[in-house]
Amino acid sequence: MCGIVGYIGERDGQKLLLNGLKCLEYRGYDSSGMAIYLEKKKAISLRKLSGKVKNLEVLLEKKPLFGSLGIAHTRWATHGPPNQLNAHPHLDCKGEIALVHNGIIENYREIKQMLLKETHTFRSQTDTEVIVHLIEKFYYKDASLEEATRRAAKLLKGSFAIALFSDREPDKLIGARCGSPLIVGLGDKENFLASDVPAILDYTKKVIFLEENELVVLEKERVKITNFEGEIIKREPVNISWTKEEAQKQGFPHFMLKEILEQPQVLEKILEQRIKDSGIFFEELGSSSPVLLSKKLSQIKNIFIVACGTAYHAGLVGKYILESLCRIPVLAEVSSEFRYHSSFLIDKDTLVIAISQSGETADTLASVRQAKMQGAEVISICNVLGSTLTRESDAVIYTHAGPEISVASTKTYTAQLMILYLFALYLAVLKETLSKDRINDYLEMLKQIPPKQRQILSNLKIIREIARKHSHFGSFLYLGRNINYPSALEGALKLKEISYIPAEGYAAGEMKHGPIALIDEYRAVVCIIPESKLYDKMLSNIQEIKSRSGKVIAIASEEDRKIKELVSQVIYIPKIEELFSPLLVALPLQLMAYYIAVKRKCNVDQPRNLAKSVTVE
Ligand code: F6R
């Protein structure tokens, strides 16, 4: 959570840092701030306030900061309310060091007590402020800023990515990471720090990802990375292939709509990359990766899928896919539970699949570490190149969905699903659980998904109308069966997170065990009923809801006449084998949530209380 940008160079620091913050606002947006070294005064000057980055921009127009060394931050509050005092950057007692922080310092109370006794005074309620005071403590004991930061970092417990500078060493910008991502961007006579790549894409594509417990000192023409013991670390930069355009709205009213509409392209790219001459290719799992040789993969006895939120729902669909295609037991669990509960069920014959868009989700990372300690191999399915998850897994399958900026996951969800389908077919080949013909049939069906998705997206009007008609409902129920039970969970999550309407997802077979009591004329019920072996069962559920005056919105296969006779609000999707239907069903669910949120004038891309990347527990 929270976004960090830092700059040292020769350009207008204010402009550059502000631009970076705008690209990072999806990480947190309840307050923001900036500190710049003013050459003329040889001092730090600070602007910060509550609210979005726009507020900071207005403030900086009135009271600009001129300088080429600075740090900036957009906050997602953890300690202390989102007001001006708690906004970052924070300063030491003398105002000579400015610092921004992402993460949570778990031992901040103890450190604060110690520092209070040493006459430090604190201005905010944040955990962050103790870091800058701790650095100050060491700085005035003859250590350089680098050394003082290192000493302080070693005393901190919890997670942090920090960026700081001092007016006593204005040729240096310092960063350190432990548990929260931080990257270094390399330029010509300038260098950058950021919590995420989009912040610096306008200026450089050459990036170094800091590893755990590393500290970096940036000067205009030099970057030095060390560990917390002070040992030098050499690391080559990687070239980021995302373009700035890919990370921008391109005329769409919201990133979420843009990202929903990108899905056919994203899936086409995955299919092109993975299917060649009717073979399925996962080079990253082949002989080039000694730990996950195909022989070993074919011998695994069970699979655990760990993930959070939408990625967990993709994992639940993955369970249905892998169990039916590979005849292997699969347990999908939310990472926050798995890390404290299920890891003891794992051994060396278990494969763990961790799914995460950001690759920085704290609970998923902790689960992966637990699983590895138990001897399991970990494959991650991830979207963000070089993220912590990708570095800690035995093998990585990238979704290559491009940057997802809207907080609600859409294109990365279907990209995760597509990877899971292809991976299951790949494993089915290794385990010989499906005939060659069957696999070819399935691959052909998967190739039909992007055009079928385009068909859905070519008629947004019906979905928009249905969404508008139901936007005043006070609560929603989503029902599905079999492989579309997770689709129901995902539909409900999408709606609640961006429209704030209470919504629940249920397995339709569970209706009679409780949720049916909710049904009356004020309840909107989204029923996922594509052609499937359980179609008639779902139809009976719909009858039961209708006879209790519930307002049904059905998502059904085209040419379904029975449903038309029963329900007036139907969204049709193209026909497809039930196994693959989640790849189509996801689109109307996402669009419904989107249009309802727009109608209710919600902040679609940055819903309240949420952040794109959940780097704290
Ligand atoms: C919902 C959403 C979240 C994320 C969850 C996991 O739309 O975006 O539920 O899916 O926070 O994030 P990642 O995939 O980055 O691990």
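This is a predicted model: local features need pLDDT of at least 70, side-chain atom pairs count only at pLDDT 80 or more; totals for chains, interfaces and linings use all residues.
**View 1. Salt bridge between D363 and R339.** The two side chains meet at 2.7 Å, N to O. The pair links distant parts of the chain, with D363 in helix α11 and R339 in helix α10 (residues 335–341), 24 residues apart.

**View 2. Salt bridge between E214 and R235.** The N to O distance is 2.6 Å. E214 belongs to strand β12, whereas R235 lies in the loop between β14 (232–233) and β15 (238–239), 21 residues apart. E214 counts as buried because its relative accessibility is 5%, while R235, at 25%, counts as partly exposed.

**View 3. Salt bridge between K220 and E10.** These side chains meet at 3.5 Å, N to O. The pair connects the loop between β12 (214–219) and β13 (222–227), which holds K220, with the loop between β1 (3–8) and α1 (13–24), which holds E10; the two residues are 210 residues apart. K220 is partly exposed, with a relative accessible area of 35%, and E10 is exposed at 53%.

**View 4. Network of salt bridges.** E146, E147, R150, R151 and K224 are linked in this network. A search of the whole structure gives 37 salt bridges.

**View 5. The largest pocket, with a volume of about 590 Å³.** Domain 2 (247–447) and domain 3 (457–599) both contribute to the lining, so the pocket lies between them. Of the 32 lining residues, C308, G309, T310, K612 and V614 lie nearest the centre. The lining comprises 15 nonpolar, 13 polar and 4 charged residues. Elements that each supply at least two lining residues include α9 (309–326), β20 (350–356) and α17 (485–499).

Notes:
Residues are numbered from 1 along each chain as its sequence is written. Side-chain values use heavy atoms; hydrogens and water are left out. On a 1 Å grid over the protein atoms alone, a cavity is a set of points where a 1.4 Å probe fits but cannot get out, and a pocket is an open set with protein on both sides within 12 Å along at least five of seven lines; lining residues have an atom within 4 Å of a point. Grid points are joined across faces, edges and corners, and a volume is the space filled by probe spheres set on the points. Helices (H or I, at least four residues) and strands (E, at least two) are DSSP runs, numbered from the N terminus. Ala, Val, Leu, Ile, Met, Phe, Trp, Tyr, Cys and Pro count as nonpolar, Asp, Glu, Lys and Arg as charged, and the others, Gly among them, as polar. Domain bounds come from an automatic or database domain assignment. A salt bridge is a side-chain nitrogen of Lys or Arg within 4 Å of a carboxyl oxygen of Asp or Glu. Buried means under 20% relative accessible area, exposed over 50%, partly exposed in between (1.4 Å probe, protein chains only).
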